[in-house]
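Hi,

Here is the structure I said I would pass on. Have a look at it first, and then read my notes below.

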Amino acid sequence: ALWEPATSTLFTGDAAYVGDLMSWDDERAFRASIARLSEVEASRVCGGHGRVFDGDELRALAATFAKS
């Protein structure tokens, strides 16, 4: 992931995105990564797929995976 503080933009690549089914090879590492990413105070999140979304949606996504 890449954090751009000047624009409050987080580029997550394939680590987090919306609008498509996410999968992973190492579930434990994925859950740790998305939890860390959700701690960033991003206004804009650019995933590797789909639309741009905001930090609130990233935190909601992380919470979903934390529960499952």
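The hairpin of β1 and β2 has four residues between its strands, and Ser-8 there takes a positive phi near 55°. For background, most residues other than glycine have a negative phi, and most peptide bonds are trans. Ser-8 sits in the loop between β1 (2-4) and β2, and is buried, with a relative accessible area of 15%. Buried here means under 20% relative accessible area, exposed means over 50%, and partly exposed is in between, with a 1.4 Å probe and protein chains only.

Before you go further: this is a predicted model, where local features need pLDDT of at least 70 and side-chain atom pairs count only at pLDDT 80 or more, while totals for chains, interfaces and linings use all residues. Residues are numbered from 1 along each chain as its sequence is written, and side-chain values use heavy atoms, leaving out hydrogens and water.

Back to the strands. β1 and β2 pair in the antiparallel sense over three bridges; two strands count as paired if DSSP finds at least two bridges between them. In that pairing Glu-4 stands opposite Thr-9 in β2. On its other pairing, β2 runs parallel to β3, with four bridges joining them, and there Leu-10 stands opposite Val-45 in β3.

Thr-9 deserves a click of its own. It belongs to strand β2 (residues 9-13) and is buried, with a relative accessible area of 3%. Its side chain makes a polar contact with the side chain of Thr-7 (2.9 Å). By polar contact I mean a pair of N or O atoms within 3.5 Å; within protein, one must be able to donate a hydrogen and the other to accept it, and residues adjacent in sequence count only if both atoms are side-chain atoms. Leaving aside neighbours within four places in sequence, Thr-9 is in contact (heavy atoms within 4.5 Å) with Leu-2, Trp-3, Glu-4, Arg-44 and Cys-46.

Next, helix α1. Its buried residues are Phe-30, Ile-34 and Leu-37. Seen down the helix axis they fall within an arc of 60°, so they line one face of α1; the arc is that of the directions from the helix axis to the C-beta atoms. These buried residues pack against β2 and α2, while the face turned away from them carries the exposed residues Arg-28 and Arg-36. Asp-26 caps the N-terminal end of α1, with a side-chain oxygen 3.2 Å from the backbone nitrogen of Arg-28.

Ser-38 is buried at a relative accessible area of 14%, and its side chain reaches the backbone oxygen of Ala-35 at 2.7 Å. Beyond neighbours within four places in sequence, Ser-38 is in contact with Leu-58, Arg-59 and Ala-62.

Which residues touch the most other members of the largest nonpolar core? Among its 13 residues they are Ala-16, Ile-34 and Leu-58. (Such a core is a set of buried Ala, Val, Leu, Ile, Met, Phe, Trp, Tyr and Cys residues joined through side-chain atoms within 4.5 Å.) The elements giving two or more residues to this core are α1 (27-37) and α2 (55-67), and the largest share, four residues, comes from α2.

Cheers
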